[in-house]
Amino acid sequence: MTISAIGIVGAGTMGSGIAQVAAQSGLDVVLCDIEQRLVESAVRRIDAHLERAVVKEKLTADDKQAALARITTSTDLGALSAAQVVIEAVIEDLELKKSVFTEVASVCPEDTVLATNTSSMSVTELGAASGRPDRFCGIHFFNPVPVMRLVEVIRGVSTSDATVAVADELVERLGKTVVHVAKDSPGFIVNRLLVPFLNEAARLLSEGVASIEDIDTAVKLGLNHPMGPFELIDMGGADLTVTVLDYFQAELGSDRYAPQPVLRRMARAGLNGRKSGAGFYQY
Ligand code: 3HC
């Protein structure tokens with residue numbers, strides 16, 4: 001298959017990042033969300049990122065306009081019917097994702113490949129909800145999508161080789177590097193490693209071993225990570241970190257994934273980093 005058009009459901013940070021990269025790679029993009037203001041705000045963010053690249057002379061003004069012209073938005077999932085691949089990037093709520101796939105499958109032709117950008121949840125379970133588990137897989141991007149080079153392609157139990165080949169082609173077209181996750185398991189590779197690490201940083205803080213600043217500095221300078229664990233929690237949100245840890249604890253059957261109380265307190269208080277304007281550095 002030569003991919004020329006994709007659909008994205010969910011115009012948040014991940015969905016808009018995927019839309020930006022796809023449009024810059026020459027693909028037509030339909031970006032859907034439930035409210036017009038959400039898709040409009042996504043296009044404004046994409047416009048701002050592209051403008052920054054123009055100012056830095058990394059992109060021409062014509063290429064910026066061409067990329068923006070490739071993106072159409074809609075609040076109607078019916079607009080996805082011409083897409084060859086549809087990527088779901090809504091919030092980490094399994095039931096919501098399932099209902100999105102039931103609806104997307106009802107409007108897209110049989111041969112459209114459906115994919116989830118879930119950070120941790122079961123690709124097999126979501127594939128079953130889509131009614132086309134063989135033409136379903138995980139295509140997991142990292143934040144910020146335009147910058148991060150990796151994409152995980154995840155096989156559900158029933159995912160066909162042809163579907164993986166389509167996902168691989170898309171990732172290559174977007175200029176990213178693919179790693180294959182052979183077995184559908186919570187958090188796949190990166191988040192299975194990362195999220196317990198973030199939880200352990202919160203444990204160090206709670207035990208009084210070191211301050212937020214010193215833990216972040218230690219990781220940045222001692223491990224050469226671009227961001228410390230608290231900066232990363234603030235980027236994704238304490239709420240997302242807790243959701244993934246709760247999922248790990250339930251699905252992997254181990255209390256070692258239980259979220260640290262400080263993370264849950266922050267999530268409950270709405271202190272979700274960049275999403276709320278207040279996170280660990282203001283706590
Ligand atoms: N969108 C688009 N581009 C962005 C961006 C964004 N949100 N943020 C930064 N950039 C671009 C800038 O335009 C700049 O591009 P240029 O080099 O072409 O000019 C480049 O990134 C560097 O940006 P800055 O100079 O402003 O800032 P830094 O050098 O501090 O880099 C960072 C910022 C890229 C975010 C870097 O700190 C980083 O790589 N952090 C680690 C991010 C990470 O670990 N992500 C994975 C999170 S886990 C995940 O995504 C899993 C999922 O399931 C939630």
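**Before selecting anything**

This is a predicted model, in which local features need pLDDT of at least 70 and side-chain atom pairs count only at pLDDT 80 or more, while totals for chains, interfaces and linings use all residues. Residues are numbered from 1 along each chain as its sequence is written, and side-chain values use heavy atoms, with hydrogens and water left out.

**Stop 1: the whole protein**

Show the cartoon: the protein has 11 helices and 8 strands. These are DSSP runs numbered from the N terminus, with helices being H or I of at least four residues and strands being E of at least two. The C-alpha trace spans about 55 × 45 × 30 Å along its principal axes.

Now switch to the surface. The protein exposes about 13200 Å², and carbon and sulfur atoms supply 53% of that. Accessible areas come from the Shrake-Rupley method with a 1.4 Å probe, and for residues only the protein chains shown count as cover. Of the 283 residues, 48% count as buried, where buried means under 20% relative accessible area, exposed means over 50%, and partly exposed lies in between.

**Stop 2: Leu77**

Select Leu77, which lies in the loop between β3 (71-74) and β4 (85-88). Is Leu77 buried or exposed? Leu77 has a relative accessible area of 13%, so it is buried.

Next, display the side chains around Leu77. Leaving aside residues up to four places away in sequence, Leu77 touches Val9, Cys32, Val100, Glu103, Val104 and Val107; a contact means heavy atoms within 4.5 Å.

**Stop 3**

How many disulfides does a search of the whole structure find? The search finds 0, a disulfide being a pair of cysteine sulfur atoms within 2.5 Å. Finish by selecting Cys108, which is in no disulfide either. With 6% relative accessibility, Cys108 also counts as buried.

Note on methods. Buried means under 20% relative accessible area, exposed over 50%, partly exposed in between (1.4 Å probe, protein chains only).
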